[in-house]
Amino acid sequence: MSINNTYLFGRYLNKTDWTAAELSRLGEQARAKTAGIKGASREYILDTLSKAGKMFADKNSGYRKAALKHLAENITFSGPMIEKSLDILPEILDKNFLLKRMSLELFLPYAMETAVERRGYDGLVRAVPKGVVLHVGAGNVFLGIIDSLILGLLTKNVNLVKMSSSGSRFANIFVSALKEADEKGVIAGSIAVVNWKGGKAGLEEAILARVDSVFVWGGYDAVASYRQKAPIHVRVEGFGPKTSLGIVFESAVQNEGYAAVASKAVLDVGLWDQAACSSLHTLYLICPDRSKFDKTAGSFLAAAKKEFSDFQRELPQGRLSPDEQVEITRARELAKVDKALGAARCESSFPATDWTVIYEKDPVYRVSPLNRVLYVKCVSSLEEIKTNIAPFKGYLQTVGVAGNIGERKKVLETLYEAGIARVVRLGRMLDGANGSPHDGIFPMTALVNWIGIEERPTQLDRLNELVTFAKSRSVFYRKHFKKLGRIVTFSDFEKAPLLEKRHIYENTPPESTDLMTAPVRRGIYFASGGSTGSPKYVFYDAHEYDLTCRLLARTIECGGLDERDIAANLFVAGNLWSSWLSVEKALAYTKAISVPIGSNLPVEDIVRYLEDFKVNAVIGLPSFLIKLAEFAEAGKGKHSLSINKIFYGGEYVGLEMVKFFQRVFPGVAVRSAGFATADAGVVGFQCAHCLKGAHHLFDNSQYLEFVDPDTLKPVKKGSVGEILITSLTRKHMPIIRFRLGDLGRWILKPCGCGRKEPLFEILGRCDDKIHAGGAHLFVSDIQNAIGKVPELSFNFQVVIDKKGHKDALALKVEAKSGAPLTDIARKNLQKWLLDELEKNCGDLKESIRMKWLDKPEIEILKPGTIERILRTGKIRKVIDRRVKVNRIQ
């Protein structure tokens with residue numbers, strides 16, 4: 001493979017002499033390339049980088065072989081060390097690694113794609129590329145400049161890489177692989193790799209006048225020079241020169257032994273022959289008893305001698321220049337002199353220069369001459385270390401600590417004033433944890449400009465943006481909204497076709513991914529539907545789900561949960577249901593103590609937990625909470641329950657049920673745990689002034705409409721209608737104008753709590769999904785059961801009502817024949833149908849068995865008896881009489 005020394009936006013050439021005018025034109029060319037990389041999607045950039053990394057993972061690939069050969073000839077590292085370095089490249093280019101890095105370093109990675117909300121900020125923020133970034137590389141660790149380039153690409157900048165004129169050309173090999181991986185040419189077309197000899201007047205000034213940001217990896221003089229020459233608007237970040245230290249606590253020696261501690265120290269010294277900023281130079285052994293200093297140091301040196309010898313065999317030292325050999329010899333000779341004076345000891349690979357360990361009694365910090373020369377000191381405390389490293393403030397980077405987490409925290413708190421940037425375990429100094437700051441900053445944030453849009457967008461803004469996004473990214477919405485124009489007014493939005501349950505069934509996994517706007521990644525699936533038939537599945541990405549759980553936490557707190565409460569989550573866990581898991585995560589965001597019991601246990605066991613943990617707040621499905629209350633009432637005097645707060649969800653709770661709870665638990669406050677659906681997330685919350693089905697709307701994240709169930713036209717504000725929900729924050733699987741199947745209305749008077757969020761009221765179910773007494777069943781379940789009884793027609797109606805504090809189901813079914821039925825025949829049909837219902841719907845059977853629900857009352861009627869809708873002639877399949885609609889003044 002031919003390796004040129006220059007790469008200019010897709011062209012290879014050899015060029016070492018540059019004029020100021022040429023560099024100025026290079027900067028202009030770079031500026032012209034910004035639109036290309038800026039338009040590349042994050043997904044494409046990640047995939048391309050990952051693909052390029054895999055080209056170096058294959059030991060037989062041409063790029064890896066070329067890199068091994070070139071690096072062996074042009075850098076001083078040994079062959080095994082070069083191999084180890086190349087093994088790191090596919091790891092840091094792994095797609096999941098890069099995604100995590102963006103999330104941890106950029107904090108709001110989605111902001112690279114569009115303006116996003118920032119928690120607590122009244123507006124939106126957008127991260128935009130700086131534009132053109134100059135990366136100035138040092139010759140010590142060849143992967144450093146590649147990592148810098150990766151940061152520039154992830155932030156969608158055009159990148160100019162200035163290599164050391166005496167260094168390797170590995171960057172050119174890497175860019176060649178990247179060019180092959182880049183099918184569109186937008187990434188490789190936004191990179192230039194150049195080199196010129198330093199010291200020529202006007203060269204740096206010429207290029208600095210054409211860039212927006214500079215990353216300098218190198219010595220103090222290089223960093224200072226670029227900062228001095230850069231125009232005031234050009235940000236220069238300098239990385240280096242740095243030196244790093246290690247600290248060994250007595251606890252580590254006692255728990256691990258000297259051999260294990262020495263092995264870790266040797267790793268931090270030996271990798272890359274101490275050429276990295278995070279390489280270990282001086283190791284401090286903390287020994288409170290000064291009389292044991294020499295013994296402690298001697299034990300460590302003996303262990304280090306063996307560990308260095310073993311390390312040398314595995315990863316040999318690289319080639320040394322005559323000057324480097326002289327520096328090592330000088331350090332050893334000075335140690336001999338100090339030894340004669342009783343002030344030092346030395347162990348080394350003499351006569352070879354492979355490694356050297358020098359113990360000095362003077363605790364002053366020493367910068368190593370590199371190439372595996374380690375200084376060892378004994379001190380009595382961290383304060384003593386602080387005093388001795390203070391003169392090196394501004395040059396210190398990593399502290400490797402052999403000790404427990406408490407000791408590592410103590411190191412941070414004691415030494416941060418000395419300018420340290422990292423605290424890690426000894427043996428991990430050169431690893432660099434994904435997302436960790438570098439030299440006190442997150443470099444990725446220095447490669448973008450943050451722009452704020454003050455004030456939150458209106459609901460109309462959000463609706464327009466959501467529809468546009470969904471049409472451009474989702475196969476389903478592209479077809480579904482084909483005839484829908486731009487959303488300029490709310491009336492425009494009302495022309496959008498409705499989202500039905502069947503659409504979700506047909507366009508989500510496992511059947512399809514057409515409803516999705518991006519591949520499924522880093523998120524969670526939930527089932528939305530009953531326990532029979534084919535449930536529909538909904539997906540939340542990690543960001544959306546976190547927001548949902550935080551809203552749920554706010555909902556519960558608005559209902560009265562606070563830091564004095566001990567709350568038991570009594571929802572049912574498992575089966576892809578969202579309630580238990582979401583409530584548990586939400587409770588973690590509240591100030592209350594959580595007791596995650598669930599309701600899968602026998603009720604007597606649950607009561608015992610409630611007593612043991614002195615639970616005062618319970619959260620769960622009303623049907624189970626009734627069972628709990630019935631158990632407590634039946635065993636009055638036997639149990640010491642102290643429940644004073646009940647939060648419910650999933651079913652309607654009427655006045656009779658509230659009275660029942662208050663009879664069993666005197667003084668208990670009964671609140672909704674939030675009006676929420678697995679499809680759309682958290683919709684509304686109750687405050688202390690909200691009664692029955694009244695809720696405040698989270699209007700920043702949800703848009704609510706009320707339409708006539710038959711005509712699907714908007715109803716007059718305040719009138720009862722079927723609820724349509726649009727989630728303004730769900731982008732991965734957009735939910736737009738979804739028919740929830742609930743009836744509701746706007747409450748037109750302000751709430752007594754003073755909150756500005758609008759009020760609405762839930763008034764029961766209107767579609768084919770029935771929630772009653774813990775059972776979740778569909779009209780289709782009933783229809784399927786009726787189909788097994790030949791004498792019955794599919795003309796039926798389900799009526800949900802209250803019987804005391806319990807839900808009650810009644811089923812009216814028309815017979816196929818108008819012939820009169822005998823009482824025996826009628827009873828046989830009723831029993832047959834009930835058996836089929838229980839077979840077809842496990843939820844119903846279980847609720848009857850648990851006595852959450854009585855057996856449904858089945859009425860067999862003559863054909864045409866059930867009331868029809870006059871306009872359409874259709875039968876309203878579900879009537880929910882649990883809620884009485886009263887006029888609100």
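In this predicted model, the charged end of Arg608 is found over the ring of Tyr609, 5.6 Å from the ring centre. A second contact of this kind involves Lys877, whose charged end sits 4.2 Å from the centre of the Phe796 ring and over that ring.

Turning to rings against rings, the count comes to 25 aromatic pairs. Take Phe675 and Phe760: their ring centres are 5.9 Å apart and the planes meet at 55°, so this one goes down as tilted, given that stacked needs planes under 30 degrees apart and edge-to-face needs over 60. Phe675 belongs to strand β25 (residues 675–677) and Phe760 to strand β31 (residues 759–765), so the pair ties together parts that are 85 residues apart in sequence. As for solvent, Phe675 comes out at 10% relative accessibility and therefore counts as buried; Phe760, at 0%, is buried too.

Phe685 and Phe698 make up another tilted pair, with 4.9 Å from centre to centre and 40° between the planes. Here Phe685 sits in strand β26 (residues 681–685), while Phe698 is in the loop between β27 (694–697) and β28 (702–707), so the parts tied together are 13 residues apart in sequence. Phe685 has 0% relative accessibility, which means it is buried, and Phe698 is likewise buried, with a relative accessible area of 4%.

Aromatic residues also group beyond pairs: Phe56, Tyr63, Phe142, Phe170 and Phe174 together form one aromatic cluster.

Note on methods: Residues are numbered from 1 along each chain as its sequence is written. This is a predicted model: local features need pLDDT of at least 70, side-chain atom pairs count only at pLDDT 80 or more; totals for chains, interfaces and linings use all residues. Side-chain values use heavy atoms; hydrogens and water are left out. Rings of Phe, Tyr and Trp (its six-membered ring) pair if their centres lie within 6.5 Å; planes under 30 degrees apart count as stacked, over 60 as edge-to-face and the rest as tilted. Helices (H or I, at least four residues) and strands (E, at least two) are DSSP runs, numbered from the N terminus. Buried means under 20% relative accessible area, exposed over 50%, partly exposed in between (1.4 Å probe, protein chains only). A charge sits over a ring if NZ of Lys or CZ of Arg is within 6 Å of the ring centre and within 35 degrees of the ring normal.
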